[in-house]
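Have the viewer open as you read.

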Amino acid sequence: MLLTDATAATRGVSCAAMAWFDRVRPRHDGALAATVGGIIDRVKHRNAALELDERDRLDGSACLVTGANRGLGLAIAKDLARRGGDLILACRSGLDAARADVASAAHERASVEARELDLARLSSVESFCDRLAADGVRLDVLVLNAGVVPREARKTEDGLDESFQVNVLANVLLVQRLRERGLFVAEEGVWPRVVVVSSESHRSAPPLDWDGFGSFRPWGMREAVKQYGYGKLLLQTWTAELARRTRGELAVHSLCPGAVRTDIGREAPGLTKPLLELTMRAFFVEPERAAAPAVYLAASRRLEHETGIYLHGKRRREPREDTLDADNGRRMWERSAALLEALGHPLAPAKERG
Ligand SMILES: NC(=O)c1ccc[n+]([C@@H]2O[C@H](COP(=O)([O-])OP(=O)(O)OC[C@H]3O[C@@H](n4cnc5c(N)ncnc54)[C@H](OP(=O)(O)O)[C@@H]3O)[C@@H](O)[C@H]2O)c1
């Protein structure tokens, strides 16, 4: 009897704890808040399910993944290659090791190549796209995965904040150049897919500020997560606009993978690193599991002719409301184009695109 009561009481407490977790809206606007928020999200989404089956294959599909040499990008690339995709790994470092690692997981008929891409240099984005076009590459899937959390403001050779350039603007240039060069070709009515790895941290970011768009200002360690979240807010806003503008041409989806055990916190201050590593080991999921939503958006047959989906882990949600606002989307589109033009990388007018 005593045992039954104790079991029932434990169950009651654990149900109450789960209900509490389900009600909590985690914040991601500081390093500690983001870590705790990631853990809460993981518990909340424990039962979510969006599964692929063996028919969700990518045989003969060309899949490009940025930041594919480690962490989430490497896991996504391996899963896509296992499903038969021909992989192009776009990395700024570790190309040979990444190619070998993905090839070891790939389906026997899948090809794997690695190409250099440094998003912190717009000239690298240009030459990367030039080479793909010259080699006659056609893309079925593009996963914009690369991301960075610098510990302080750093100026790139283009004069931009590295966090803004790598997490936002370089992705805009990359996608627009690939479109201009005609690398996305819808075959038999199947739209090529663009999958954007975003983050729930966009929800805790400050409001969109169009006046300061892309301008460099110094900031320090305390602001690192806020800057990262703000970059993801801009990226999310651009993703929604891309989905609107390319309906009938591309399928554009985005996701937050949840809290993943990767090197994303590698620039965290030395003293906090051991704690972060312990927390990651205890509570964050391994990249192989966290890759599932990105792979689902890239490969699920059920999503044909859908665009604009946002997943948080394996759960479909809406991103923050202002990212879906058409006026914000138009501003994001125009400000990025104007900034790229000012930096010597003008985009072609829409009608000239392939
Ligand atoms: N980990 C999480 O909990 C979490 C949560 C939400 C969202 N995300 C998102 O998931 C994505 C992958 O991050 P991760 O967690 O796997 O982190 P990670 O282990 O640090 O991997 C980041 C990847 O981005 C690449 N990268 C960084 N700067 C680059 C540049 N200038 N040019 C080209 N590639 C660059 C890195 O290349 P190098 O190896 O050369 O540095 C690496 O391949 C990011 O977009 C991140 O925002 C992660």
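In helix 5, the buried residues are Leu-122, Ser-124, Val-125, Glu-126, Phe-128, Cys-129 and Leu-132. Here buried stands for under 20% relative accessible area, exposed for over 50%, and partly exposed for the range in between, with a 1.4 Å probe and protein chains only. Helices (H or I, at least four residues) and strands (E, at least two) are DSSP runs, numbered from the N terminus. Strand 1, strand 2, strand 3, helix 6 and helix 12 are among the elements that cover these buried residues; contact is taken as heavy atoms within 4.5 Å.

The length of helix 5 agrees with expectation, because its 13 residues should span 18 Å at 1.5 Å a residue and its end C-alpha atoms are 18 Å apart. The expected span is 1.5 Å times one less than the number of residues. After helix 5 comes Gly-136, with a positive phi near 70°.

## About the model

This is a predicted model, in which local features need pLDDT of at least 70 and side-chain atom pairs count only at pLDDT 80 or more, while totals for chains, interfaces and linings use all residues. Residues are numbered from 1 along each chain as its sequence is written, and side-chain values use heavy atoms, leaving out hydrogens and water.

Strand 7 and strand 8 are antiparallel partners over three bridges, and Leu-311 stands opposite Arg-316 in strand 8.

## Nonpolar cores

A nonpolar core is a set of buried Ala, Val, Leu, Ile, Met, Phe, Trp, Tyr and Cys residues joined through side-chain atoms within 4.5 Å. The largest one has 50 residues, and Leu-178, Val-194, Leu-234 and Trp-238 have the most contacts inside it. Elements giving two or more residues to this core include helix 5 (122-134), helix 6 (162-180) and helix 7 (224-245). Helix 6 gives the largest share, 10 residues.

Leaving aside residues up to four places away in sequence, Leu-178 touches Cys-129, Leu-132, Leu-139, Leu-142, Leu-183 and Phe-184. Another core, of 38 residues, lies apart from the largest one and has Cys-91, Ala-114, Val-197 and Leu-311 among its members.

How many disulfides does the structure hold? There are zero, a disulfide being a pair of cysteine sulfur atoms within 2.5 Å. Cys-63 is buried, with a relative accessible area of 0%, and Cys-91 is buried with a value of 0%.

Glu-188 is not a glycine, yet has a positive phi of about 50°. Glu-188 sits in the loop between helix 6 and strand 5 and is exposed, at 83% relative accessible area. His-305, also not a glycine, has a positive phi of about 70°; its loop runs between helix 10 (292-299) and strand 7 (310-312).

Key: Two strands pair if DSSP finds at least two bridges between them.
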